[in-house]
Amino acid sequence: MINQSNYLLFFLLFIYLNILVVISTDENIFVNYDFNKNYIKSEECGSLEIPCVSLEDAGIKAILENKNGIEKIYIKIIGNINGSTPSSFGNLYSFCGILEINSQDNQTITIDGSNSNNPFINIQEDQYEGCLVPKKFLIKNINFKNWEQTLVNININQETNQALDVASLYIYFNSITMESLGSIISVYPKNIGEIFNSNSISIQFDYSLAKNLKSSSTFAPNSTTDYLPPIYIVGAKIKNLPNIKDNNLTKTPFIYLNQANLISPGSNITNNNFCYPFAISTKKSNVASLDNYNMLQAFDNNSITTLIFISDAKNHYYLFFNVTNNKPAVCSSKQYLGNIFDDSFITFKDSFNSSFDTYISANKPIPVSIFNSNIILNQLDQISFNFNIDSSIVYFDFNLTILGSTITGSNSALYLYYNETLCSCPGCDYYMDGKKANSTDCNPPTVTPTTTGIDTTREPSPSPSLSSSPSSSSSSPKSNSIRNIVIIIVILGSASIASIVLFSFIYKRHKNKKYILNSISSSNTMSEEDNDLAGAAADNDVSPNLEPTTAFEDDDCAQLEHI
C-alpha cells in the first residue's frame with residue numbers, strides 16, 4: 001500500500017512538472033503578408049505552415065496564448081510589409097509579460113504604414129485588467145516609414161504611488177530606423193491631473209535612428225493648434241534617445257516632457273532644422289546625462305535657436321552637450337502648448353530650489369535666459385555665457401569674470417562666486433560672501449551684445465584666462481585719458497597751494513624777525529601775554545596749513561603710483 005501511494009505521488013508530481021513546462025514554454029507566432037490566408041479564426045494562425053497574414057491577427061493570437069499562461073511570445077515577421085494593407089497590432093493593453101516583435105532571421109525589414117489608420121502598437125486602457133508581471137514590448141530590426149499615425153501610443157491610468165521604483169510597462173526600441181513619420185511615441189495618462197510616478201513607464205532607444213521626419217498631422221492632447229512632436233511624454237521615463245539626422249521640424253519641438261525623466265548616455269544629432277526648441281521640459285520633469293556621458297554626444301551642423309526650454313524644473317539637472325558648427329534657425333517660434341520662450345539657447349523659467357550642472361563644449365558665448373526662478377548654477381565648463389536674468393535669485397558657483405561672461409536683466413538678486421567682481425546688471429542686487437555688495441566692489445558694467453540664437457562654428461580661440469578676460473580691471477582708452485587729466489590738475493593745484501603756503505611762511509618769519517629787532521632796539525619790555533599771542537599766531541599760520549597739504553600730496557602720489 002505504501003509503495004502504491006509513492007507511485008501515485010510520483011505520478012502527480014510528473015504531471016505537475018509537465019504542466020509547468022508547458023505553461024512556461026515560449027511561443028513563436030509567424031507573420032507573412034505574402035501568404036494566402038487559409039484560416040478562419042485568429043487563434044488558428046501563427047505557425048510556419050499557417051502564418052498570420054496580418055499583425056492584427058498576430059496580436060489577437062498573442063493575447064489568447066498569453067491568457068493561457070504563456071508569458072513570453074515572439075512575433076516573427078517574414079519579409080517586408082509594403083503598405084498596401086494596414087500594419088497595426090491593435091490594442092495590446094491586456095497582454096501581460098514579454099512580447100518581442102522582430103524579423104524572422106534578425107535582419108532588418110521594412111514596415112510601410114501608408115495605409116495604417118491606427119498606431120503600430122496601441123496600449124489603450126478600456127477596462128482595468130491587472131497584471132502580475134510587467135508588460136514588456138520589445139521592437140527590433142525594423143525600418144518604419146511613411147506613418148501618419150503614432151508608432152506607439154500609450155493611454156492608460158498611470159501610477160501615482162511614488163514609493164514604487166520598478167516599471168510596470170516597458171517599451172524597448174533596438175536597431176530601429178524611423179523615417180518619414182511625424183510621431184514616434186505618445187504617452188498621455190487617462191488620469192491626467194494627478195502627480196505621476198514617472199518611473200512606472202520606461203522607454204528606451206538603442207542603436208536607433210530618426211531621420212527625414214515630417215510634421216505630424218495629429219494634434220497634441222487637449223490642443224487644437226499645436227501638433228504632436230516626435231516624442232511626447234507625460235508621466236514616464238526615457239532612457240536614451242535615438243540618433244537624429246536630416247530632419248526639418250517646423251511645427252513642433254523634437255521632444256516634449258511633462259512630469260517626465262530623460263536620462264541619456266549620448267545621442268548624435270546632426271544636420272537638422274529646428275524651428276522650435278529641441279526639447280521642452282515642464283511640470284517637474286528632469287533631464288540628466290548618465291554618469292559622465294554627454295547627453296548629446298554630438299550636436300553638430302544644426303539650424304536652431306533654442307536647444308532646451310525648462311519650466312518648473314525638478315531638483316537637479318545635468319546638462320552635458322557637445323555643441324559645434326551650428327547656426328541660428330531662420331524660422332523661430334515663440335510658444336508651444338502654453339509655454340512661451342525667447343531666443344536664448346537655454347531658458348530657465350518658473351523654476352525654484354533647483355540646481356543645474358551644465359557642461360557645454362562650444363566656441364561661442366551661450367545665451368542663457370532665467371525668468372522668475374530661484375536656482376543654483378554649478379561649476380560650468382570653460383565657456384562664456386551671456387545671461388539675461390529677470391525677477392530671479394541666482395547663485396553662481398563659478399567665476400563669471402574668468403569665463404568672460406556677461407549679465408543683463410533687472411529685479412534680481414545675484415550671489416557671486418568667491419572673489420568675483422563682475423556686476424554688469426544695473427537693475428540687480430549683488431551679494432559677495434553673503435553680504436550685499438557696494439558699487440565700489442564691482443567692475444564697471446559691460447555692454448552685452450544682443451544675441452539671437454547661437455552660432456557655434458568651430459574656430460581657434462585662446463584659452464580663457466584672467467588676463468584675457470573681457471571683465472578684467474583694464475579700462476577703455478577714453479576713461480584712462482580723463483583720469484590722467486584729473487590727476488594732473490590735482491597735482492598742479494596741490495603744488496600751487498604748497499607754494500603759496502611756503503611763501504606765506506617765509507614772509508611772516510621775515511616780518512616777525514624784523515619786528516623783534518625793532519622792538520629790542522626801542523624797548524626791552526614785552527608782556528608775557530603778547531609773547532604767547534605772537535607764538536600762537538605763528539603756529540596757526542604754519543602747521544595747520546602745511547600738514548594737510550603734505551598729506552594730500554602723499555595720497556595723490558600713492559594713488560598715481562598704484563595706477
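## Reading cores, salt bridges and a cavity

The second largest cavity has a volume of about 40 Å³.

Mentor: One thing before we dig in: this is a predicted model. Now, that cavity. The general idea is that rolling a probe the size of a water molecule over the atoms shows where empty space is left.

Trainee: How many cavities of 30 Å³ or more does the structure hold?

Mentor: Two.

Trainee: And which residues line the second largest cavity?

Mentor: Cys275, Tyr276 and Pro277 do, along with Thr305, Thr306, Ser332, Ser333, Phe341, Asp342 and Asp343. Sorted by class, that lining has four nonpolar, four polar and two charged residues.

Trainee: How many salt bridges does the structure hold?

Mentor: Six. Glu65 bridges to Lys61, with the closest N and O atoms 3.3 Å apart. Those two sit four residues apart in helix 2 (residues 55-67), so about one helical turn separates them.

Trainee: Are Glu65 and Lys61 buried or exposed?

Mentor: Both are buried. Now try Glu148 and Lys214, whose side chains meet at 2.9 Å, N to O. This bridge links distant parts of the chain, 66 residues apart. Glu148 lies in the loop between strand 6 (135-147) and strand 7 (152-155), while Lys214 is in the loop between strand 11 (209-211) and strand 12 (231-234).

Trainee: On to the nonpolar cores. Which residues touch the most other members in the largest one?

Mentor: Phe120, Ile203, Phe387 and Phe396, out of 105 residues in that core. Strand 8 (residues 169-181) gives the largest share, six residues.

Trainee: Take Ile203. What does it touch, leaving out residues up to four places away in sequence?

Mentor: Ile203 touches Ile171, Phe173, Ile185 and Val187, and also Ile233, Ala236, Lys237, Ile238 and Lys239. There's a second, separate core as well, with 13 residues, Tyr276, Ile280, Tyr336 and Phe341 among them.

Note on methods: Residues numbered from 1 in each chain as written. Predicted model: local features only at pLDDT ≥ 70, side-chain atom pairs only at ≥ 80, totals over all residues. Heavy atoms only, no water. Core = buried A, V, L, I, M, F, W, Y, C linked by side-chain atoms within 4.5 Å. Buried < 20%, exposed > 50% of the residue type's maximum accessible area, 1.4 Å probe, protein only. Contact = heavy atoms within 4.5 Å. Salt bridge = Lys/Arg side-chain N within 4 Å of Asp/Glu carboxyl O. 1 Å grid on protein atoms, 1.4 Å probe; cavity = no way out; pocket = protein on both sides within 12 Å on 5 of 7 lines; lining within 4 Å. Points joined across faces, edges and corners; volume = space filled by probe spheres on them. Nonpolar A, V, L, I, M, F, W, Y, C, P; charged D, E, K, R; others polar.
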